[in-house]
There are 2 protein chains.
Amino acid sequence: MAEARRKFWGWGLESETLDEAGAARIARRVASLTGLDPGPYRAPPAIDEVSLPTPRVSPPAALAALCRSDDYSRASHTYGKSYPDYVRAWARDFAAAPDMVAWPEDEADVVALLDWAGAAGLAVIPYGAGSTVVGGVEAEVGAGYAGTLTIDLTRLDRVLEIDRSSRAARIQGGVLGPALEAQLRPAGLTLRHFPQSFAFSTLGGWIATRSGGHYATLYTHIDEFVESLRTVTPAGVLESRRLPGSGAGPSPDRLMIGSEGSLGIITEAWMRLQDRPTHRASAALRFADFGGAAAALRAVGQAGLYPTNLRLVDSEEARLAGAGDGSFHLAVLAFESADHPVDAWMAHALECMADHGAGFDSDAALRARDPLADAWREAFIRAPYDREGLIAHGLLHDTFETAITWDRFEEFHAGVKAATEAAIVEATGRPGHVTCRFTHVYPDGPAPYFTYHAKPTPGAEIEQWRAIKSAASDALIRAGGTITHHHAVGRDHMPWYEAQRPALFGEALAAAKRALDPDEILNPGVLLPPRRAAAAG
Amino acid sequence: MAEARRKFWGWGLESETLDEAGAARIARRVASLTGLDPGPYRAPPAIDEVSLPTPRVSPPAALAALCRSDDYSRASHTYGKSYPDYVRAWARDFAAAPDMVAWPEDEADVVALLDWAGAAGLAVIPYGAGSTVVGGVEAEVGAGYAGTLTIDLTRLDRVLEIDRSSRAARIQGGVLGPALEAQLRPAGLTLRHFPQSFAFSTLGGWIATRSGGHYATLYTHIDEFVESLRTVTPAGVLESRRLPGSGAGPSPDRLMIGSEGSLGIITEAWMRLQDRPTHRASAALRFADFGGAAAALRAVGQAGLYPTNLRLVDSEEARLAGAGDGSFHLAVLAFESADHPVDAWMAHALECMADHGAGFDSDAALRARDPLADAWREAFIRAPYDREGLIAHGLLHDTFETAITWDRFEEFHAGVKAATEAAIVEATGRPGHVTCRFTHVYPDGPAPYFTYHAKPTPGAEIEQWRAIKSAASDALIRAGGTITHHHAVGRDHMPWYEAQRPALFGEALAAAKRALDPDEILNPGVLLPPRRAAAAG
């Protein structure tokens with residue numbers, strides 16, 4: 001039996017590809033709910049339809065066994081999972097493929113690969129599982145390099161050590177979410193970090209991109225779970241000390257967390273774990289008014305109750321998810337604990353929500369699970385699989401996410417939504433469909449997540465997408481938000497990241513990069529403008 | 001009536017100086033509890049007993065009104081509050097005084113002062129309220145500088161803006177703890193950050209040193225409260241965007257948090273606030289066995305209950321604090337909330353503690369306050385005031401603090417305690433007294449805080465202190481701890497900080513410093529070895 005192979009052009013395994021009927025079903029459903037017209041079906045690419053440029057490099061003998069340059073290996077590492085990635089894949093355009101893909105088996109291999117790349121003048125693209133939606137793994141990095149080597153880290157896939165009493169484990173950076181959890185389960189532990197990309201993303205990728213987990217409050221960001229890091233840079237290996245807390249200077253880990261492969265490759269991390277939860281309660285709440293719902297979530301978020309889920313989904317997005325008929329905004333509230341029943345917590349949070357006008361099914365709230373909450377969760381997990389059905393029928397589906405303090409939220413939400421709606425009309429010539437949910441709720445503000453659908457002109461998809469992306473990004477940066485709350489910067493967000501970042505921090509970061517990656521071989525163009533390409537160009 | 005003036009040689013106001021009888025009372029009490037002999041009384045220095053070197057610099061006319069070089073101004077900015085600081089003050093030795101002290105009134109003054117310092121070749125010591133116990137404000141920085149300018153930031157003392165709905169405020173960096181809380185109180189808000197130095201330390205100092213608050217779990221570190229920062233560096237001003245969360249690259253704020261005045265001067269911060277708590281419960285628990293007590297705190301710390309206080313004080317330290325007779329180890333447990341009664345939380349935590357062998361007065365536990373907990377808290381607040389009584393009678397009193405994961409804690413605690421005890425005998429020729437408490441409890445480990453008393457040889461206090469400090473620091477670094485959990489690095493911890501810090505992170509940090517402070521005028525020798533002094537020496 002063949003090994004389960006991932007699609008080289010999109011999310012998930014080849015065996016999970018939607019057939020024509022499946023794609024049509026999804027496209028028709030979304031089209032009817034958004035008022036858009038699906039185009040004719042176009043099948044996803046097959047590998048023999050794709051023509052790749054000849055690789056410009058070949059590995060030294062000692063590394064040859066780790067490297068491959070066959071079409072599937074290169075094509076499957078050409079793109080992430082953004083809308084323009086799908087469009088280019090559907091156009092059978094893999095001209096941007098890396099010259100070579102390497103699969104190191106251990107840290108020494110990573111060191112050897114970086115040494116080779118440095119000596120051979122190659123750019124290196126660190127690659128987890130390619131879930132980036134922001135151009136984080138683009139292999140076309142400009143004329144300043146002799147070629148591009150993508151380093152796929154998924155063979156560094158083991159939990160090396162578990163410390164039960166501190167609830168921590170030493171874990172290799174390339175492990176995928178499910179394999180990580182499977183290795184922790186026998187010890188009764190969990191990292192409990194569930195980004196939407198969980199099935200096909202890696203621990204090292206989560207750390208490098210400041211991944212946000214599924215949980216809405218408190219410990220959900222990967223940043224908080226990092227106890228120490230081991231990172232290979234072109235200048236050598238950095239290993240931070242394993243500590244529950246430290247005040248010894250600026251945190252070394254916080255420089256690597258969010259470095260997006262531009263400073264080093266995270267080969268190992270000691271991660272803080274949690275006991276597997278045994279007590280649970282969830283509820284779905286209905287609000288007539290979006291502003292009122294936001295105020296309710298703010299109240300719960302500021303109450304010090306720390307629900308595991310505290311999510312607001314606007315009425316249109318709930319309808320799209322099959323959770324409601326569009327007549328109410330949906331809030332999902334949940335508590336869980338490995339230690340104690342959470343009834344007191346839930347009761348108080350529901351009281352708080354009711355004070356702000358929430359309607360809810362009080363019977364459902366007393367059960368462990370709520371069907372509306374389940375419907376939403378199911379749609380959340382299915383979303384990356386469904387997307388190819390929309391692409392196959394010429395529909396644009398994209399998301400962008402940000403964060404903003406509460407005082408500015410209402411104006412921010414209205415302004416960004418309106419700017420995106422206007423940009424869709426301007427770019428595509430017809431109205432699209434823009435919705436919003438909160439992925440995380442902080443005491444000082446929410447993390448709004450926007451989803452939009454549009455019908456671009458065939459052949460002009462990327463240009464139209466870029467116009468919409470630019471307008472939405474301009475609007476959210478102008479209104480004080482962040483260009484990304486958890487999707488990362490990559491290459492797509494660079495102009496707005498540079499606008500948002502203090503200029504002198506950019507200089508400090510560039511200086512740090514020169515210390516760690518003096519020849520600028522790591523992920524050029526991500527977080528920092530590519531110096532070499534500029535010099536060569 | 002004269003303005004309340006701070007002692008130039010120690011903690012607190014001049015009006016709070018212990019008289020001879022008060023000093024004797026404290027020294028006798030501590031001596032009897034630790035088995036040490038107090039020496040004869042020596043009074044603290046008076047300003048006219050002190051002779052300062054002639055200042056080497058004078059300010060340009062435009063800045064003259066901000067600057068002073070009188071004896072009191074310079075003497076009161078010569079030292080922090082470490083044991084060797086007290087010893088040098090008692091020796092009437094203020095040879096290390098800065099040449100000049102400046103009090104900027106606004107950010108433009110800070111910029112102008114840095115410009116002047118850069119042009120005149122001066123070193124700049126950013127100074128909050130001088131509570132450092134690690135040599136963070138030493139003005140003697142070597143021959144590479146034409147002189148030293150200490151910048152006292154306490155006139156930047158205002159809350160500039162309050163955002164009630166996000167619970168955040170824009171606050172100037174030089175505000176002292178009590179003045180900050182007084183300005184927030186009318187809005188019903190609190191920063192709720194109470195380091196032991198609260199009365200005489202500043203917001204900017206807390207951020208620059210990664211201060212740890214009084215609370216034992218969850219939101220207690222200043223790091224977590226920073227929403228955005230405004231920092232003046234010699235290269236210009238950095239201002240980060242006000243955001244509840246962001247995944248846009250490595251956090252710019254986390255580079256400044258813990259930078260100890262070596263990268264810039266924090267002039268403003270947006271800080272996350274909390275509602276003032278109205279529900280409270282506290283309990284004191286007694287344990288026969290220290291290891292068992294640690295296990296109980298670990299269990300509560302890992303239960304997801306997030307007590308505001310969860311502290312373990314060993315039997316000898318409890319006795320010193322007047323909280324118990326030394327027959328039991330004391331754990332202090334407390335919950336508080338601005339939102340909901342905390343009974344369910346407390347009940348479950350007590351159950352958890354009882355499962356681990358805790359004894360407690362169940363009546364007291366049901367009251368809002370526990371008298372044993374109050375006794376400990378009172379001693380905690382009094383400690384910096386009492387210290388001068390010990391110094392006046394020739395007793396060495398010092399503390400050091402660290403953090404370690406639970407798996408290594410028992411061996412770590414035993415090893416560090418034994419090494420410190422042995423070093424005291426070796427250095428002073430007689431046994432001292434070493435105790436331990438936990439200041440913070442993380443799910444993955446505690447932050448142990450060691451207090452010791454010894455009787456050094458008169459005239460050899462600093463040399464003997466240094467021998468003990470070195471041995472204790474060697475032991476805790478060897479055993480895997482951090483050289484500081486919340487006291488910061490300063491100059492005293494540099495050798496162990498450099499041992500602990502990944503070498504390449506040191507290079508990245510040095511590179512960042514070159515970008516922000518190219519002439520290396522800011523706090524030379526803190527976090528990074530002083531380049532200029534080396535070049536000149």
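In chain A, four strands form an open sheet with mixed pairing, in the order 1-2-4-3. Strands here are DSSP runs (E, at least two residues) and helices are DSSP runs too (H or I, at least four residues), both numbered from the N terminus. Two strands count as paired if DSSP finds at least two bridges between them. Strand 1 (67–68) and strand 3 (122–127) of chain A each have a single partner strand, so they stand at the edges and one side of each is left without a neighbour in the sheet. Follow strand 3 of chain A and you will find that it pairs with strand 4 (residues 147–152) of chain A in the parallel sense, over six bridges. Within this pair, Pro126(A) stands opposite Ile151(A) in strand 4 of chain A.

A word on what you are looking at: this is a predicted model, in which local features need pLDDT of at least 70, side-chain atom pairs count only at pLDDT 80 or more, and totals for chains, interfaces and linings use all residues. Residues are numbered from 1 along each chain as its sequence is written, while chains are lettered from A and ligands numbered from 1 in the order in which they are written.

Chain B also has an open sheet of four strands, with mixed pairing and the order 1-2-4-3. Look this time at strand 1 of chain B, which runs antiparallel to strand 2 (residues 100–102) of chain B and is joined to it by two bridges. Here Arg68(B) stands opposite Val101(B) in strand 2 of chain B.

Now turn to the helices of chain A. Helix 1 (residues 20–34) and helix 13 (residues 371–392) of chain A pack at an angle of about 85°, with their axes 8 Å apart. Axes are lines fitted to C-alpha atoms, for helices over the stretch in contact, and angles run from 0 to 180 degrees between N-to-C directions. The two helices of chain A are therefore roughly perpendicular (angles of 65 to 115 degrees count as such, under 35 as roughly parallel, over 145 as roughly antiparallel and the rest as oblique). From helix 1 of chain A come Gly22(A), Ala23(A), Ile26(A), Ala27(A) and Val30(A), and from helix 13 of chain A come Asp386(A), Glu388(A), Gly389(A), Leu390(A) and Ala392(A). Residues are in contact if their C-beta atoms, placed from the backbone, lie within 7 Å. By class, this contact has six nonpolar, two polar and two charged residues. Ala, Val, Leu, Ile, Met, Phe, Trp, Tyr, Cys and Pro count as nonpolar, Asp, Glu, Lys and Arg as charged, and the others, Gly among them, as polar.

Chain A is also divided into domain 1 (160–275) and domain 2 (279–478), with bounds from an automatic or database domain assignment. Their C-alpha centres lie 27 Å apart, and the contact takes nine residues from domain 1 of chain A and 14 residues from domain 2 of chain A.

Finally, see how the chains meet. In all, 74 residues of chain B are in contact with 74 residues of chain A. Helix 17 (residues 503–516) of chain B gives the most to its side, with ten residues. The same surface serves both copies, as 100% of the contact residues of chain B recur in chain A.

Key
Contact = placed C-beta atoms within 7 Å.
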